[in-house]
Every structure is written in C-alpha cells, then in structure tokens.
Amino acid sequence: MATHPSILATAQLVALPFARVAGCAASFCWMRPARVAACATLICWTGPAHAWGDEGHEVIGLIAAHYLEPAVRSRVDSMLAADRTGLTSGTQIDQEATWADKYRDSDRTTTKARYEATRQWHFVDLELTGPDLRAACFGEPLLPPGTDASRGAARDCVVDKVDEFTAELRSATTAAQERLEALQFLLHFVGDVHQPLHASDDHDQGGNKKIVTAPGSAPNTLHHYWDTEFVARLGAGETAIAQRLTARITTAQRTQWSSGSAAEWAQESFEVARTHAYGQLPPASPADHYNLSDRYVLDATSVTAEQLSKAGVRLAYLLNQALR
C-alpha cells in the first residue's frame, strides 16, 4: 500500500516517542439519513469496518512472529498450515491474523450464520459516559460445560473470547480443529482489543456515526480512519511498517507490555480512545462533520504505532505462554 502523498510530515512519526494510547468499538458503518445524503457527493466507505483493516492485523502478526520463541513459532506455523478454509491468502501468521474477519464475512450476503454468530466478538463497547465491562460483554455469559468457545454465545465480547480461546489453546485436551480455530481467533482478537474504537463507544457505534475528513484524505467514518488511514500513514505496506515498529520496541517496553489480561488491555485501549480518538476531536460542524487537524492526525498516527506494537508484543506473550 502506498503512503498518502500529502502526508509527508507523518513519515517521521515512527522516529517520535510513542504517545500513550487507548480504545475502539463497533464493527459496522451506520449513518443517519443526513449523513447518507452527504456521502452521496463524497467518497464514503459504507462497507464493514474491520479493526485495523487487513494491513494492521498483518502488522501485528509480523511483530508477534518476531517475538515468538523458536519452538512456539514452529508449533504455530504447523497448526496454521492445517487451515483448509481458503479464507486467507495464505497460512502464514500475518495472513491468518485476518482470518476471523474473513470467517465472519464469508456468509454475510447469504445465510449469515457465521456473521451473526461471531460479529459481536470483535469489540467491547465501553461507553465514555460510564464504562461497564460486564454490560459491554452482555453480562459475561459462561460457556456451558463441554461447549467449544467457537460455538459460544453470539452476544459476547472480545475480552471474553480472548480468555476462552486462550484457555482452549493451553489445554492439551482441546480437539485439533477447535485448537486451530482458537489460534486463528486469537491472532485477530488480540489486535481488536488494541484498536481504540473497538474498546470504546460514544453512543456512535465506535465512531461509525461520526464522519470526519483529514488533509489529503476523503471523508469517512472516524472508525474507518482508526482502522486503516492512520495505519497506512506509517509506511508502504505491512512488512515495512512491522519492521520499522519492531526496530523501535525497546527491551524495557517489551518487558512492560508482556503482562496483563484482555480486560486490562481493553481498559487501557478505552483510556487511549477517551484521551486521543475522541478526546482530541475538534468541534463538529453544523452538519455534524469533523475536520481533523494535522495535529490530530500526527497524534493519532503515533498512537496507532504504539497500539500496533503493543498488540504484537502481547500476542507473542500470550502464544509463548500457551504453547511452550
């Protein structure tokens, strides 16, 4: 993916200190009639919003691969090689990090069975006005005894699913196919937890109801900008971005980030969203449109760099613990 031509200033972002970061929520673009009308004359994305987009998840997978213990890396590669779904372009860790989105959307226009069963697992809507993890996780439903996590309640959140799939990955008694799916979901969901707008909500479906514009970019939802625009500004493609970010992760940062639970990571992402993604938005125009400043874009891109880095380190930490 090429860098945005008018954003040369952000090319230096990776050289800047990482900013503190936080949260993200819903998965789809919902707009009021007035905004739909506005989009008729603008380039407006109305497709599914995938946390970080494919590129962001691939970056996270590549960073994680760098930090996997050799035996664990071999085990992960062997497990992923058994994927016969054909949903991803290949079975390498970075490609498989996009699998959960592909699986969810594979029957979206037909039976919607996979779509309805898993779409809410990608986020945790912690409301800015009163974050409540239990409420955001639909009451934290328990898996009935003997039920695979991949067949769990549709109304559940990404925090619960990370915990459930981690437990399955750790267990030697988990069936091979379920263990593979646990790995595939985890490769994706650890990334989702670190997307600020998948761990927060301002009664706007995680930024999907806010239309924004930034210099050099077309109008789109705030959620889309955090999914893809700020990732794209970090470099020309997932490999280059992952290499640059990995080179900047210090030993102290890796040690600090290699800890915590999915709930704690979600809370951290929520704070990033509250402070940055939502907290630094300019006032809305009378048409309820937000014009993002260069300063907002620079901050958001730096925050995105840190969130991707944290997600990669923590994914490796989780896999090293579960599969060693």
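I call a residue buried when its relative accessible area is under 20%, exposed when over 50%, and partly exposed in between (1.4 Å probe, protein chains only). With that rule in hand, I opened the notebook.

**Entry 1: ground rules.** I am working from a predicted model, where local features need pLDDT of at least 70 and side-chain atom pairs count only at pLDDT 80 or more, while totals for chains, interfaces and linings use all residues. Residues are numbered from 1 along each chain as its sequence is written, and side-chain values use heavy atoms, with hydrogens and water left out.

**Entry 2: overview.** I looked up the secondary structure and found 14 helices and 3 strands in the protein chain. Both kinds are DSSP runs numbered from the N terminus (helices H or I, at least four residues; strands E, at least two). Of the 324 residues in the protein chain, 56% are buried. I then turned to contacts (heavy atoms within 4.5 Å). Among those between residues at least 6 apart in sequence, 74% join residues at least 24 apart.

**Entry 3: the salt bridges.** I count a salt bridge when a side-chain nitrogen of Lys or Arg is within 4 Å of a carboxyl oxygen of Asp or Glu. The structure has 15 of them.

I started in helix α5 (residues 99–105), where Asp101 and Arg104 sit 3 residues apart, about one turn of the helix. Their salt bridge has its closest N and O atoms 3.3 Å apart, and both Asp101 and Arg104 are buried. Arg104 also meets Asp105 in a salt bridge, at 3.0 Å from N to O. Are Arg104 and Asp105 buried or exposed? Both of them are buried.

For another pair I went to helix α13, where Glu271 and Arg274 are likewise placed 3 residues apart, about one turn of the helix. Their side chains form a salt bridge at 2.5 Å, N to O. Glu271 is partly exposed, with a relative accessible area of 30%, and Arg274 is partly exposed at 41%. Back at the other site, salt bridges that share partners tie Asp101, Arg104, Asp105 and Arg108 into one network.

**Entry 4: helix α10.** Why do I note α10 (residues 222–232) as largely enclosed by the rest of the structure? Because 10 of its 11 residues are buried. Among them are His223, His224, Tyr225, Trp226 and Phe230. The cover over the buried residues of α10 includes α2 (53–67), β1, β2, α11 (238–248), α13 (262–277) and α14 (294–323).

**Entry 5: the sheet.** I traced an open sheet of 3 strands in the order β2-β1-β3, with mixed pairing. Its edge strands are β2 (220–221) and β3 (289–291), each pairing on one side only. β1 (residues 211–213) and β2 run antiparallel over 2 bridges, and Ile211 stands opposite Thr221 in β2.

**Entry 6: the cavity.** My search used a 1 Å grid over the protein atoms alone, a cavity being a set of points where a 1.4 Å probe fits but cannot get out, with lining residues having an atom within 4 Å of a point. Points are joined across faces, edges and corners, and the volume is the space filled by probe spheres set on them. How many cavities of 30 Å³ or more turned up? The count is 1, and the largest cavity holds about 30 Å³ of space. Its lining includes Pro141, Leu142, Gly152, Asp156, Lys161 and Glu164.

How values were computed: Pairing = 2+ DSSP bridges. 1 Å grid on protein atoms, 1.4 Å probe; cavity = no way out; pocket = protein on both sides within 12 Å on 5 of 7 lines; lining within 4 Å.
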